[in-house]
Amino acid sequence: GNSVTQMEGPVTLSEEAFLTINCTYTATGYPSLFWYVQYPGEGLQLLLKATKADDKGSNKGFEATYRKETTSFHLEKGSVQVSDSAVYFCALNHGSGNTGKLIFGQGTTLQVKP
Amino acid sequence: NAGVTQTPKFQVLKTGQSMTLQCAQDMNHEYMSWYRQDPGMGLRLIHYSVGAGITDQGEVPNGYNVSRSTTEDFPLRLLSAAPSQTSVYFCASSYGFKDGYTFGSGTRLTVV
């Protein structure tokens with residue numbers, strides 16, 4: 001079945017360090033891929049998305065490229081800030097049936113230290 | 001715009017009690033979903049809807065009912081609360097299946 005696998009956390013970085021959070025997926029059809037961010041005590045916010053192979057999603061300095069050949073959608077940021085500390089979720093929707101059902105990875109906690 | 005509004009924010013129930021978690025959106029989104037979030041398990045889909053009058057089960061539907069009589073509202077009913085239903089519940093809506101979902105701020109439910 002369809003699934004999303006994220007690297008385990010927590011990921012601890014110093015401010016201005018480079019960030020990579022790995023995400024790989026298993027899916028039939030042609031899913032859309034998403035990254036969501038959850039700050040403490042809040043709901044999830046859409047960070048970026050990509051809807052077809054080789055698309056690059058970007059927002060707030062974060063970016064991720066839809067790699068169909070490696071079934072990956074890794075999240076990157078060149079210089080993290082303390083305010084980026086949060087839990088990051090990779091997700092895909094079912095590519096067939098247009099159901100809009102999202103499948104999430106387990107989430108990766110990012111801690112950025114000053 | 002209010003976005004996705006969930007009520008209540010916190011609730012404590014006794015085992016066996018029933019209740020309804022409310023969810024409303026004002027963005028005219030067709031797709032709506034309910035998720036539960038538990039430590040170490042990410043978010044799991046309970047029920048979802050692709051439009052008024054159309055609902056279907058997700059990954060963990062047992063013990064929950066939904067209905068979608070209007071585009072705006074998608075309430076989640078707990079029939080007979082159990083401690084295993086202690087969780088944080090999120091409602092979300094989307095314009096289309098390729099669009100990202102907008103999430104509510106969540107309901108933290110404790111069943112004792």
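How much area do chain B and chain A bury between them? In this predicted model, the two chains bury about 1,700 Å², 55% of it on carbon and sulfur atoms; buried area is the accessible area (1.4 Å probe) that two parts lose on being put together, summed over both. Phe97(B), Lys98(B) and Tyr101(B) supply 32% of the area that chain B buries against chain A, more than any other three residues.

**The interface**
- Chain B brings 20 residues into contact with 21 residues of chain A, where contact means heavy atoms within 4.5 Å.
- One salt bridge is counted between the chains, a salt bridge being a side-chain nitrogen of Lys or Arg within 4 Å of a carboxyl oxygen of Asp or Glu.
- Its partners are Asp99(B) and Lys49(A), whose closest N and O atoms are 3.4 Å apart.

**Chain A on its own**
- You will find zero helices and 12 strands in chain A; strands are DSSP runs of E with at least two residues, and helices are runs of H or I with at least four.
- The C-alpha atoms of chain A fill a box of roughly 45 × 30 × 20 Å along the principal axes.
- Of the 114 residues in chain A, 44% are buried, meaning under 20% relative accessible area (1.4 Å probe, protein chains only).

**How to read the values**
- Residues are numbered from 1 along each chain as its sequence is written, and chains are lettered from A and ligands numbered from 1 in the order in which they are written.
- Local features need pLDDT of at least 70 and side-chain atom pairs count only at pLDDT 80 or more, while totals for chains, interfaces and linings use all residues; side-chain values use heavy atoms, with hydrogens and water left out.

Notes. Buried means under 20% relative accessible area, exposed over 50%, partly exposed in between (1.4 Å probe, protein chains only).
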